[in-house]
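Hi there,

Here is the structure I promised to pass on to you. Please open it beside this email, and I will go through what turned up in it.

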Amino acid sequence: MRKILALSLALVPTALSAAQAQPSPQVAWFKDLKVLSTVAVADNGDLFFVGSDTRVHRTDARGVEKWNYATGDIGRAHPIVTPQGTVIAASYDDNVYALDASGKLLWKTKLDGDLFASPALRTDGSVIVATAGGSVYALGPGGQVLWTYKVGAPVFSSPAVAADGTIYFGAQDNQLHALTPDGRQKWAFRAGSLVFSSPALDRQGNIYFGSSDRRIYSVSPDGKGRWVRGTGLFVNASPIVTSGDLVVVGSYDGKVYAINTTGEDEWTYDAGAPVAAAAAELADGSVVVPDLSGTVHAIGRAGQSLWKIAAGKKIDTNVTVSDQGVLYFTTEGGGLSAVQKQPPLADGPWTTFRGVPSGWGHTLTAQEAQARAAARKAAATAVLAGRPATPPSRPAPTTPAPAPSRPPVAQTPATQTPAPQPPTTTTPVTPTAPTRTPEQYAQAAGQGARTLDGRVYLPLREAAGALGTPIRLLTPRTATLALPGQAAAAPVRPVPVRYVGRIPFVPLAALTGLPGVKAAAHRAPTGVILTLAGRTLTFPLNFPALTPLRSQPEYPAVLRRPGGV
């Protein structure tokens, strides 16, 4: 054995701190409903899906059937529930079906190939549908064909409609296509291989998708590449864009990637099995994603494991979350599981596959966003009125209902890194008169320092007070500081922040990178000296406590092997 010295001032990684994981939620009920498609959820909690029995089904929130309608074949596309209550479903029999709220056929339209991709609803009530025959159609509210665009290659990627009406989808010609609202090509962006992944859109209209070439792409609305992130295997899953503006997508390499919209890695989570389905962000900032081994993972804001549910059967469809806080997932064979008393979806640009539980697939208008927020609030109020209040950090345990087969088993990891809790809105900060001297601020900052993700962090407000840099703007992810002698309108590169509880922390390395800041590190217990605008301050940092010695075996692979010495 030998001692490995893991000592860092600000830039050298250190051991991650650990905290107890949240208790895993229990599966409230499991039913063998022969579900084949992704499940759509209406505002009232009713479920819609296409089954392996070649029927479109509507059930209540507990899986009790209300009606079904026979189609000519199976289908896997995500159904749409329109604001008027119409259900639009696609099938492998080449038909698009529109059913009223009672299950009566309103219209059906036959197209030129199997419908694997999920349709997209436009704000005028028309629908965009892509086929394996290599065409994209616009269908009017009555099912009539408004226009057709010939791609020349099968389309399995579900179209997404931007705020300006532009239609984006991937195809088997290795390209992401952009069409005008009237069906003319705007541009095509070439990836290195097939594009099964469905695009997601951020607040600025940028597009994100994966490819079989083992890459995640970001493309601007004018068709120019913004960045590329390589992965270990192909990316068929569809990305989401979280409320914190992170692009989250899984890969067949068994990892879930979180990348900010400028292309920088925020965290990578090791699921341990290929990921083919899209994630969903919940209102508490956690991300839920299933893998092909049959495990549903809940991932915290910092990329740490919160809980796992092991279903034991493959999951290759997306999880669905209702406004009432019920999380649904489907396992191989069509069994549907429900996990109750969860947060609803987060309020972000594209926080689940197709953007909303009812499967619209377009960027919401301001009016739609307000209506969705009101629906979530009404559902949450109704749920809270019907059950005792529970602490938000510990969901109340649920009792599984009897099931025809063995329900999934919850698993809880032993440790996790601390989950930051940022505010939900961007907050302009008004400078206030200091209540402590710079030296006192520096003392408090040093005493409050901690190690997160291998870097030394200081409490933001104390660090800013010590340096005399008031906080201009504080968001869930960054802080903008007013530097001495700088005009209020002058551009300043924001520094990243992390939250522990509701306290913002800033990396020491980010402070040393600010214009005009000079740093000098000294051996403990002196700490670190920072100089800015002629002001020199010592931040007392207890490096032995922040970066402890770690004992590691000289030959770890041998020692971990059964029977090793």
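Phe209 and Tyr217 are both buried, where buried means under 20% relative accessible area, exposed means over 50%, and partly exposed lies in between (1.4 Å probe, protein chains only). Rings of Phe, Tyr and Trp (its six-membered ring) are paired if their centres lie within 6.5 Å; planes under 30 degrees apart count as stacked, over 60 as edge-to-face and the rest as tilted. By this rule there are eleven aromatic pairs. In one of them, the ring centres of Phe209 and Tyr217 lie 5.2 Å apart with planes at 15 degrees, so this pair is stacked. Elsewhere, Phe116, Phe156 and Phe196 come together as one aromatic cluster.

Before you go further, please note that this is a predicted model, in which local features need pLDDT of at least 70 and side-chain atom pairs count only at pLDDT 80 or more, while totals for chains, interfaces and linings use all residues. Residues are numbered from 1 along each chain as its sequence is written, and side-chain values use heavy atoms, with hydrogens and water left out.

How far can you trust it?

The score to look at is pLDDT, the predictor's confidence in each residue, from 0 to 100. The protein averages 83, and 79% of the residues score at least 70. Over residues 1–20 pLDDT stays under 50, and the model has 55 contacts beyond four places in sequence for them; a contact means heavy atoms within 4.5 Å. Over residues 387–434 pLDDT also stays under 50, and here the model has 104 contacts beyond four places in sequence. Where pLDDT is low, the predicted coordinates should not be read in detail.

The overall picture

The protein has six helices and 46 strands. Helices (H or I, at least four residues) and strands (E, at least two) are DSSP runs, numbered from the N terminus. Of the 565 residues, 52% are buried. Among contacts with a separation of 6 or more, 48% join residues 24 or more positions apart.

A sheet to look at

Two strands pair if DSSP finds at least two bridges between them. β23 and β24 (residues 246–250) are joined in the antiparallel sense by two bridges, and Val241 stands opposite Val247 in β24. β25 (residues 255–260) and β26 (residues 265–270) are antiparallel as well, over five bridges, with Tyr257 opposite Thr268 in β26. β25 and β26 make a hairpin with four residues between them, and Gly263 in that turn has a positive phi of about 100 degrees.

Some loops

Is Thr166 buried or exposed? Thr166 is buried, at a relative accessible area of 1%. You will find Thr166 in the loop between β15 (160–161) and β16 (167–170). Its side chain makes a polar contact with the side chain of Lys186 at 3.0 Å. A polar contact is a pair of N or O atoms within 3.5 Å; within protein, one must be able to donate a hydrogen and the other to accept it, and residues adjacent in sequence count only if both atoms are side-chain atoms. Leaving out residues up to four places away in sequence, Thr166 touches Ala160, Val161, Ala178, Leu179, Pro181 and Lys186.

Thr131 sits in the loop between β12 (127–130) and β13 (135–139) and is buried, at 0% relative accessibility. With residues up to four places away in sequence left out, its contacts include Leu111, Tyr137 and Pro154.

Asp94 is not a glycine, although its phi is positive, at about 75 degrees. Asp94 lies in the loop between β8 (87–90) and β9 (95–99) and is buried, with a relative accessible area of 17%. Arg214 is another residue other than glycine with a positive phi, near 70 degrees. Its place is the loop between β20 (207–211) and β21 (215–219), and Arg214 is partly exposed at 42% relative accessibility.

Charges over rings

Lastly, Arg354 lies over the face of Phe353, 5.5 Å from the ring centre. Arg498 lies over the face of Tyr457, at 5.9 Å from the ring centre. The rule here is that NZ of Lys or CZ of Arg is within 6 Å of the ring centre and within 35 degrees of the ring normal.

Happy exploring!
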